[in-house]
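Hi,

Here is the structure I promised to pass along.

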Amino acid sequence: GPSATEGDKTVHGTVHWSNNGQHAEYGGSNTLSSGIYADEFHVFSIIWDANKITWYRDDIKFNEINITSSELSEFREEFFLIFNVAVGGNWPGSPNSNTQFPQSMAVDYVRVFQK
């Protein structure tokens, strides 16, 4: 079959914040060893407590940030979730002839636990 592009087989988990008025970010990614994400359902998890945020894909940890420093205090405030299928913009860049449309995201369920 056709080869998958990096965007079809890679998921990113990134935090963004203001560092004295300048944009700061820290992220990690996970790339499937074969196939693309659209081939089957996957379980994506974020475990966020007072000390750290950790990202998982199918129980594989792919990013973690310690949020205990005073510079990251906003990550100890209330938040909301955004699910996004990014097409265009500064990242990953403008669509081209290889971009498949329409794009979609199928979500079976969202579960939030709080201590």
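The side chains of Arg 57 and Asp 58 form a salt bridge, with N and O 3.1 Å apart; by salt bridge I mean a side-chain nitrogen of Lys or Arg within 4 Å of a carboxyl oxygen of Asp or Glu. Arg 57 is buried at a relative accessible area of 10%, while Asp 58 is partly exposed at 28%. Here buried means under 20% relative accessible area, exposed over 50%, and partly exposed in between (1.4 Å probe, protein chains only).

Before going further, the ground rules: this is a predicted model, in which local features need pLDDT of at least 70 and side-chain atom pairs count only at pLDDT 80 or more, while totals for chains, interfaces and linings use all residues. Residues are numbered from 1 along each chain as its sequence is written, and side-chain values use heavy atoms, with hydrogens and water left out.

The count of salt bridges comes to 3. Another of them joins Lys 52 and Glu 64 (3.9 Å, N to O). Lys 52 belongs to strand β4 and Glu 64 to strand β5, so this pair ties together parts 12 residues apart in sequence. Lys 52 is partly exposed, at 35% relative accessible area, and Glu 64 is partly exposed too, at 31%. Glu 64 also forms a salt bridge with Lys 61, where the closest N and O atoms are 3.5 Å apart.

Thr 54 sits in strand β4 (residues 52–57) and counts as buried because its relative accessibility is 2%. Leaving aside neighbours within four places in sequence, Thr 54 is in contact (heavy atoms within 4.5 Å) with Ser 45, Ile 46, Ile 47, Lys 61, Asn 63 and Glu 64.

As for the overall layout, the protein has 1 helix and 5 strands, in the order α-β-β-β-β-β from the N terminus. Helices (H or I, at least four residues) and strands (E, at least two) are DSSP runs, numbered from the N terminus. Strands β1 (residues 10–19) and β2 (residues 22–31) run antiparallel and are joined by 10 bridges; two strands pair if DSSP finds at least two bridges between them. Thr 10 stands opposite Thr 31 in β2. In the hairpin of these strands, with 2 residues between them, Asn 20 takes a positive phi near 55 degrees.

Of the 115 residues, 20% count as buried. The C-alpha atoms fill a box of roughly 50 × 30 × 25 Å along the principal axes.

Leu 81 counts as exposed, at 55% relative accessibility. Between Thr 54 and Met 105 there are 22 Å in space, C-alpha to C-alpha, and they are 51 residues apart in sequence.

Happy browsing!
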